[in-house]
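Colleague: I would like to learn how to read features in a model such as this one. Please give the general idea first and then the case.

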Amino acid sequence: MRSDLLSCSLLGAASALECSPSAIQSVLPSGASVNFAYKVQANETFQVPKGDTGYPTNPEGLPALCAVSVQVQSVGNTTFGFGLFLPEDWNGRFLAVGNGGFAGGIHWVDMAVGSRYGFATMSTDTGHNSTSSDGTWAYKQPEKLENWGHLAMHGSVVASKTITTAFYDKKISYNYYSGCSTGGRQGLKEAEFYPDDFDGIVAGAPAWWTSHVQPWTARVALYNLPTTADYHIPPALFPTIAAEVLKQCDPQDGLKDNLISDPEGCNFRPEELLCASNSTASGCLTPPQIDTLYKIYTDSIGENQTFIFPRLNLGSEASWFLLQGDKPNPLGTDYIKYFLGLGPDWNFYDYNEDILRLSNELQPGNATVGFDLSAFHAKGGKILSYHGQADGLIPTGSTPYFYNHVTRTLQPRGINVDEFFRFFLVPGMGHCTGTPTTVNAPWYFAGPNQAPILGNTVYGVPGFRDETHDALLAMVDWVENNKAPDHIVGTKYVDEKTQKDVLRQRPLCMYPKQAKYKGTGDVNEADSWECKLLY
């Protein structure tokens, strides 16, 4: 079923502008040039151009649309590019989708999801070409960093809107954004720097604190390095730790259901994992390893009690990618080497507090998002944010930290933050998508990056394509009908590749409320739960 939220008299209307390079070029400003523009027939596969390192996957089963690629001159001698899908069945709205990590490339697969709803959908390459963990392109390139930080997204949005309006010969009714991780950061940065670009922004697991999260990524890895140290916890023991965390924390949230709904409220005792002897052969931890575990589950604090970054949540163990291997993740070290300019020979064992001070001073690309979102509020914009509570890449606590500091900034000015910014925690979900097979949390709500996990032609929530279950439709309903969501229902299918049967559904509650079982009814049905404050 298709939600009537997206119905529009323009559906099926013929375009006013031909889908050709010359026609698209005719409406572009100077400094912008068309790479290609051609029609894609219904159910065809779009062939991603060779060289799109960040997002090389070909979107399949597309609706009939016009596929456009444009290159734009930017600061210095740099350029950025963007892709635009213009569906024949247009719903009158514009949607931009975000990127991930340091990736350079157009996210054609996420664009395809937007086009299936009927949005004219855009993605920027952020001004370079790279995988999500490769930061070498940034070395001594401040202009490229500005493109990645904010310029490319804004410039791509402005140019895409120009094309969209001319193509359909109609004004765009509403403008939306959807992104997770770096994509979440891009959305919040738009709200801060360019409040007129969007009416509604969906920002998942936002990497908003660039100057802290990237150095922290190196710092947290050093808790568990070198691999030869007696305090090193080998990844083979992560499932053992996860099982003990689930055993202790699951019942403490009020219901034993194989899901940790309240990691913050769990009183976890790591010593239950302590070996009876110095051997770890039986799947236990030594005292030095217990010390490491305490560090992992503790907020990072620097000199003079400076807050660096929140801890990894209890329940995130299945996603401890940052703690594996014999060196830190490149999202930390490449940032320090190339964004901060310390060079390719920098040794990660030389990490110290000066790294964080340098990061705060340089603020590469002006990527970190500030707390003053008053301009976005003033124009009537809406933000819907969320974060998985089992996220092992960007600790869950970073988003409540941001939301609470936005509240500290705006509430004294008489602004009710909940009027325009609502935030939801997702128990059991990892980074942007997914849930451990041992948990099977209801993680799916059609957030950015989620639909392709279910299948190449999926959009929305199969069987539940409405504003109650779909985050993007919830945003549309909020912006256009002033119906602010107090919860979104998460879904877990029995088989996520077929989506035929539902295993579990549960309300994802607006922060600071939490979902609590009513005491009666099937625990796997959303109606058996309610959102409540715990104080």
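Colleague: Does Ser-261 count as buried or exposed, and why?

Modeller: Buried means under 20% relative accessible area, exposed over 50%, and partly exposed in between, with a 1.4 Å probe and protein chains only. Ser-261 has 13% relative accessibility, so it counts as buried. Keep in mind that this is a predicted model, where local features need pLDDT of at least 70, side-chain atom pairs count only at pLDDT 80 or more, and totals for chains, interfaces and linings use all residues. Residues are numbered from 1 along each chain as its sequence is written, and side-chain values use heavy atoms, with hydrogens and water left out.

Colleague: Where is Ser-261 placed, and which residues does Ser-261 touch?

Modeller: Helices (H or I, at least four residues) and strands (E, at least two) are DSSP runs, numbered from the N terminus. Ser-261 sits in the loop between helix H6 (238-252) and helix H7 (287-296). A contact means heavy atoms within 4.5 Å. Leaving aside residues up to four places away in sequence, Ser-261 touches Asp-253, Gln-389, Pro-427, Arg-506 and Gln-514.

Colleague: Which element holds Leu-508, and what does Leu-508 touch?

Modeller: Leu-508 belongs to strand S13 (residues 502-509). Its relative accessible area is 4%, so Leu-508 is buried. Not counting residues up to four places away in sequence, its contacts include Phe-424, Pro-442, Phe-445 and His-487. Gly-490 is also among the residues that Leu-508 touches; the two are 18 residues apart in sequence, and their C-alpha atoms are 6.4 Å apart in space.

Colleague: How many residues of helix H2 are buried?

Modeller: In helix H2 (residues 108-117), 10 of the 10 residues are buried, so the helix is largely enclosed by the rest of the structure. Trp-108, Arg-116 and Tyr-117 are among them. Just after H2, Gly-118 takes a positive phi of about 110°.

Colleague: What span should helix H11 have?

Modeller: The expected span of a helix is 1.5 Å times one less than its number of residues. Helix H11 (residues 398-410) has 13 residues and should span 18 Å; its end C-alpha atoms are 18 Å apart, which agrees. Its buried residues include Phe-402, Tyr-403 and Leu-410. Among the elements that cover the buried residues of H11 are helix H4 (182-193) and strand S10 (382-388).

Colleague: Which peptide bonds are cis?

Modeller: The bond from Leu-225 to Pro-226 is cis, with omega near 0°. Pro-226 lies in the loop between helix H5 (210-222) and H6. The bond from Tyr-511 to Pro-512 is also cis, with omega near 10°, and Pro-512 is in the loop between S13 and strand S14 (514-517).

Colleague: What is phi of Gln-305, and what is phi of Asn-366?

Modeller: Phi of Gln-305 is near 60°, a positive value in a residue other than glycine. At 68% relative accessibility, Gln-305 counts as exposed. Phi of Asn-366 is near 50°, likewise positive in a residue other than glycine. Asn-366 has 35% relative accessibility and so counts as partly exposed.

Colleague: How many helices and strands are in the chain?

Modeller: The chain has 13 helices and 15 strands. Buried residues make up 60% of its 535 residues.
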